[in-house]
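Could you go through this one with me before you set anything up? My notes are below, in the order I made them.

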Amino acid sequence: MDVWSKFLCEERFKDLLVETKPDARPEGPGFAKGQFRLPHERDHDRILFSTPFRRMGDKTQVFPLESIESIRTRLTHSYEVANLARSLGIEIAIKHQDRLPVDAIRKIPAILAAVGLAHDIGNPPFGHQGENAIRAWFQRNARELFTPPDKGKFGDIHEDVSNLTEQHKNDFLKFEGNAQTLRVLTKLQVIGDDLGLNLTLGTLSSIMKYVSSSDQTDKEKHSRKKVGFFASEAKIVEKIRQYTGLQQDARHPLALVMEACDDIAYSVLDAEDAIKKGLASLNDLLSSLEYHPDGDNKIDSVVRHLCELSRWEYDKLREQNLPPSELQDVATQKFRVHAIHLMVAATAEAFDNNYNDIVTGSFSDELIKKSKASELCRALKEFDRKNAFSHKTVLEVELNGYNTLNRLMDFLWMGISERRDYRKLDSDRTSPFSTYVYSRISKNYRRIFEGKVVQYHQDVGLPIRYKEMQLLTDMVSGMTDQFCIDLHDDLLKHYRKMQPINGTPS
């Protein structure tokens, strides 16, 4: 590489690894004294020690409310993604050290470990069914929420609701856990103000799997396929783009790496969990991978190699006369080790092959799809869909979670919206029940809703109705699976006590 090209690459990555924060939270006297961690390393540690991160221990990965302790939750999944991402980050930093800043060997693995930990932190309880339940609730109540009431009777509410834009509405109709993750990290982890964890812009940019606002999504473009941020975080995203130089559809190079590691982790490890639960066997998995409708000679070479290696491992283990259950368990672990190794190596190669497009922001695909492990990843996801996601036991618990969330949101909306003074967000509620419901909403979220924290991010132009709906999604998406059920049951109990003897609760 010539001197000029090396200089340009270094300067580009300096922008991408920016240490600037959204706003400067005042630090106490001597805060930085003896501080040996880089800002991105502190980002990782702040996420690791945060409350929303710990809550993921009781959030569904695939199997809701699972009693088998070795089955993965969102928390264990996030640890595994962080591990894979950090390893890939080290490989990238070493391999490309001649065209990266000197400190990239520390910054890149630290950022990738951080975003691996945080990438699911905004997801609601009960997995993707939680997201579906939130969207469905807003769709079901769209007329009440989005249509201005009679101006003569409700002048303040009419004026406020009339100010809702299409983006405001779509933030909820297209609610997305990825966008909520950015909100949790930048706003909701309250430490006396609204700066959240106050992470660096380089880390925040790397967490953005999608770059679109809710009114600009585009199914034909991967980076805009889903909502990347809400209107409430638009100014933060502007600052991220300003400092990193990423514009339009461009994603941070490390966001691509994190996305690939997420794909690797859930495609392989969800299959392992399905086998551990007895929903399928290792032989089922290998047979599924080896099947090709056009004959054996059409089987992908990486898939063929993995299956041959896994069967060889199985035969060697069988020689040890292990009990059937142990043989299955150990052989599946061997499969997992080899599958992850092949996919991580293929991702690293794909990053190398597309380096220039990735760094300049013109790479518009998924790394795993551009790798030699593309077919393996696709086949594993298909196996997971048929044997884990679509299994009766999973669907039944997800349905119960979906219904529970919908009813719970009805109750929470009563606590949020039934105020004596529409414009005074902390005014008395209109009934003992709505007063009790509001008291059960997180104090942190209520303080942000009521504007009772030191405000660095001024939410100028956001209607009260938008803030009401966002308090609802903040509360719901922050819950664990079990807390969601317990809160629903508690509120339902009190609601029923309010009903007339011959009344029928809704």
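What follows is a set of numbered points on pockets, charges, helices and backbone.

1. Ground rules. This is a predicted model, so I kept to its limits: local features need pLDDT of at least 70, side-chain atom pairs count only at pLDDT 80 or more, and totals for chains, interfaces and linings use all residues. Residues are numbered from 1 along each chain as its sequence is written, and side-chain values use heavy atoms, with hydrogens and water left out.

2. The largest pocket. Its space comes to about 820 Å³. Of the 35 lining residues, His128, Lys209, Lys226, Asp263 and Tyr266 are the closest to the centre. Two or more lining residues come from each of H4, helix H6 (127-140), helix H13 (253-276) and helix H18 (374-389). H6 gives the largest share, six residues. On terms: the search runs on a 1 Å grid over the protein atoms alone; a pocket is an open set of points with protein on both sides within 12 Å along at least five of seven lines, a cavity is a set where a 1.4 Å probe fits but cannot get out, and lining residues have an atom within 4 Å of a point. Grid points are joined across faces, edges and corners, and the volume is the space filled by probe spheres set on them. Helices here are DSSP runs (H or I, at least four residues), numbered from the N terminus.

3. The cavities. How many cavities of 30 Å³ or more does the structure hold? There are five cavities of that kind. The largest cavity has about 90 Å³ of space, and its lining includes Ser205, Met208, Val237, Arg241, Gln248 and Arg251. Helix H12 (residues 234-244) gives the most to that lining, three residues.

4. Two lining residues worth a look. Gln248, part of the lining of the largest cavity, is not a glycine, yet has a positive phi of about 55 degrees. Gln248 sits in the loop between H12 and H13 and counts as exposed at 64% relative accessibility. The cut-offs are under 20% relative accessible area for buried, over 50% for exposed and partly exposed in between (1.4 Å probe, protein chains only). Arg251, also in that lining, forms a salt bridge with Glu259, with 3.1 Å between the closest N and O atoms. Both Arg251 and Glu259 are buried.

5. Salt bridges. The whole structure has 36 of them, each being a side-chain nitrogen of Lys or Arg within 4 Å of a carboxyl oxygen of Asp or Glu. Asp474 and Arg183 pair up at 2.9 Å, N to O. Asp474 lies in helix H22 (residues 464-477) and Arg183 in helix H10 (residues 177-188), so this pair ties together parts 291 residues apart in sequence. Asp474 and Arg183 are both buried. Salt bridges with shared partners join Arg183, Lys187, Glu233 and Asp474 into one network.

6. Helix H5. H5 (residues 104-118) has 15 residues and reaches 21 Å from its first C-alpha to its last, close to the 21 Å expected at 1.5 Å a residue; the expected span is 1.5 Å times one less than the number of residues. H5 is mostly covered, with 13 of its 15 residues buried. Lys107 is buried at a relative accessible area of 9%, and its side chain meets that of Asp103 in a salt bridge (3.3 Å, N to O). Asp103 is partly exposed at 31% relative accessibility.

7. Buried or exposed: which is Phe126? Phe126 is buried, with a relative accessible area of 1%. The residue is found in the loop between H5 and H6. Phe126 also has a positive phi, about 65 degrees, without being a glycine.

8. A nonpolar patch. Ile90, Ile94 and Ile105 make a nonpolar surface patch of about 230 Å². Patch residues have over 30% relative accessible area and no salt bridge; nonpolar side chains (Val, Leu, Ile, Met, Phe, Trp, Tyr) are joined within 5 Å, like charges within 9 Å. Areas come from the Shrake-Rupley method with a 1.4 Å probe, and for residues only the protein chains shown count as cover. Ile94 lies in helix H4 (residues 74-95) and is partly exposed at 45% relative accessibility.
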